[in-house]
Amino acid sequence: MIYDVILIGSGLATLVTAAKLSDNKKILVITKDELKQSSSSLAQGGIAAVMSPDDHWKYHYEDTLKAGHYYNDRKAISMLVRRAQTEINILINEGMTFDKEDGQMALGMEGAHSKRRILHAGGDATGRELVRHFRKKVCGQSNITIVEHEPVHTLHIEDGYCIGVFTEKSHYYGRHTVLASGGCGGLYRFSSNPDENRGDGIALAYRAGATLKDLEFIQFHPTLLHRDGKAFGLVSEAVRGEGGKLIDEKGKAVMDHHPLKDLAPRDIVAQTIDMKLKKGSKVFLDITNISNFPKRFPTIHHNCVKAFGYQPSLLPVAPGAHFQLGGVAVNENSETSIPNLYAIGEVACTGVHGANRLASNSLLEILVYGSHLAAHLNNEGEGNIQGGFFPPFKPKKTIKVTLPSIQEIQRNHEEGAGIVRCREELEKCMNWCAQYLEKVSEEKLHLYERDTIEKINMLRTSFLILSAASERRESLGVHMRSDTKEIGQREFIG
């Protein structure tokens with residue numbers, strides 16, 4: 001069978017695109033996990049959209065540009081913020097419910113926003129509610145085939161066109177293939193992402209020859225709940241938007257040096273906390289001023305109970321890898337440099353976020369670009385594949401190779417591509433990856449076992465991120481270099 005569209009991924013980007021594709025399209029959704037397992041389902045924040053009379057898309061545009069340190073693609077931002085209200089209204093008309101206050105839609109405040117424009121669903125479970133909404137629209141449709149627990153290891157490129165994918169079990173042909181494989185938080189020991197998000201899509205695109213962009217920009221969320229060296233989930237920026245305050249062990253405010261204080265852009269808050277922790281201080285999020293915290297933030301309350309057995313008023317926090325800003329370079333139609341190959345969601349680099357993502361723009365990006373991509377594919381022809389007989393793919397596992405453990409790869413990557421980087425560490429960590437990549441044949445991945453392919457992908461993606469970080473020698477946004485005084489387009493220094 002030749003599918004009209006193959007979607008690779010288990011998250012919201014896959015679900016939105018699939019739900020909005022025409023019913024006469026034969027669609028394959030393929031993922032290494034389960035369809036509902038993704039970073040999207042863990043998103044505690046909300047969706048940023050201009051929904052009040054005193055707000056305007058131009059304010060949202062400026063906030064996004066400023067947070068991104070003016071490194072953003074301005075055309076991409078314009079498309080994002082001008083389409084936001086329409087996408088929200090479509091969701092509401094479809095039955096999606098957002099939280100209300102006094103009968104009106106509740107609009108929250110988050111860091112670096114100039115207006116209250118953050119919509120939430122289920123308190124701090126917006127991502128989960130969106131995934132549930134779109135999963136209902138996708139699952140059970142007769143034109144959509146879902147294949148779970150079957151990782152894609154290679155994109156099939158023929159005569160310069162993407163015509164399908166190879167997995168460890170089979171070979172699927174598609175007229176259009178969409179990478180929606182998520183980010184790379186799993187390359188780090190501490191992350192808000194599921195462990196399985198290890199940058200597979202970057203490795204797939206690299207081996208296929210697609211253009212990659214801005215891989216050095218990895219956003220760290222300032223506040224992951226920490227205890228005894230373990231992370232117990234993300235503490236949403238919305239907590240600070242509702243009055244939470246960052247303090248040290250002496251009760252001194254951590255962010256008073258910045259004009260926006262606790263609602264400063266994420267990169268600056270994360271870098272500030274990181275410096276405090278490296279100096280031996282502890283950092284807490286004081287939530288004593290937030291009334292009815294368990295009801296307002298049920299997921300965070302649950303994580304507190306899981307970590308401590310109760311909900312403390314001072315939450316110990318530390319930064320963790322959160323969002324991949326760079327990725328596979330795409331245009332406004334989500335087209336990559338390879339014909340018939342597309343990328344959407346966190347694996348894609350649309351240019352919207354620049355050098356630092358504005359809070360709650362990620363779910364919005366998926367809604368806007370997923371809708372736009374589906375409309376584009378609905379108007380596209382049959383692509384480059386002609387009908388005919390294709391022999392079955394029968395992979396054989398024959399190559400054995402000794403590679404480091406996943407934990408060792410994470411430790412090496414974190415040392416080089418953490419919140420603060422320097423040339424010496426970057427080169428050391430790149431060389432560490434290179435010594436293992438030299439032992440494998442990435443052109444013959446089908447000859448390796450699944451666990452080995454996973455490690456090869458991690459090593460390759462880590463090497464690419466480390467290389468990009470090494471090449472950008474100035475500090476810019478989430479990319480902070482300790483070995484140079486050169487500063488890129490940056491307004492505030494944490």
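Analyst: Two strands count as paired if DSSP finds at least two bridges between them. The model is predicted, and in it strand 12 and strand 13 (residues 230-234) pair in the antiparallel sense over three bridges. One of the bridges joins arginine 227 to lysine 230 in strand 13. The hairpin of these strands has two residues between them, and there aspartate 228 takes a positive phi near 55°.

Strand 12 (218-227) also belongs to the surroundings of the second largest pocket, as one of the elements that give two or more residues to its lining. The others are helix 7 (266-278), strand 15 (283-286), strand 16 (314-324) and helix 11 (406-416). Strand 16 gives the most, with six residues. The volume of this pocket is about 590 Å³. Its lining has 25 residues, of which Phe190, His226, Leu277, Ala318 and Pro319 are the closest to the centre. By class, the lining divides into 13 nonpolar, eight charged and four polar residues.

As for covalent links between cysteines, a search of the whole structure finds zero disulfides. Cysteine 184 is in no disulfide, and the nearest cysteine sulfur, in cysteine 349, is 12 Å away. Cysteine 184 has a relative accessibility of 2% and therefore counts as buried, the cut-off being under 20%. For cysteine 422, the closest cysteine sulfur is that of cysteine 429, at 8.9 Å, which is too far for a bond, because a disulfide requires the two sulfur atoms to be within 2.5 Å.

Technical notes: Residues are numbered from 1 along each chain as its sequence is written. This is a predicted model: local features need pLDDT of at least 70, side-chain atom pairs count only at pLDDT 80 or more; totals for chains, interfaces and linings use all residues. Side-chain values use heavy atoms; hydrogens and water are left out. Buried means under 20% relative accessible area, exposed over 50%, partly exposed in between (1.4 Å probe, protein chains only). On a 1 Å grid over the protein atoms alone, a cavity is a set of points where a 1.4 Å probe fits but cannot get out, and a pocket is an open set with protein on both sides within 12 Å along at least five of seven lines; lining residues have an atom within 4 Å of a point. Grid points are joined across faces, edges and corners, and a volume is the space filled by probe spheres set on the points. Helices (H or I, at least four residues) and strands (E, at least two) are DSSP runs, numbered from the N terminus. Ala, Val, Leu, Ile, Met, Phe, Trp, Tyr, Cys and Pro count as nonpolar, Asp, Glu, Lys and Arg as charged, and the others, Gly among them, as polar.
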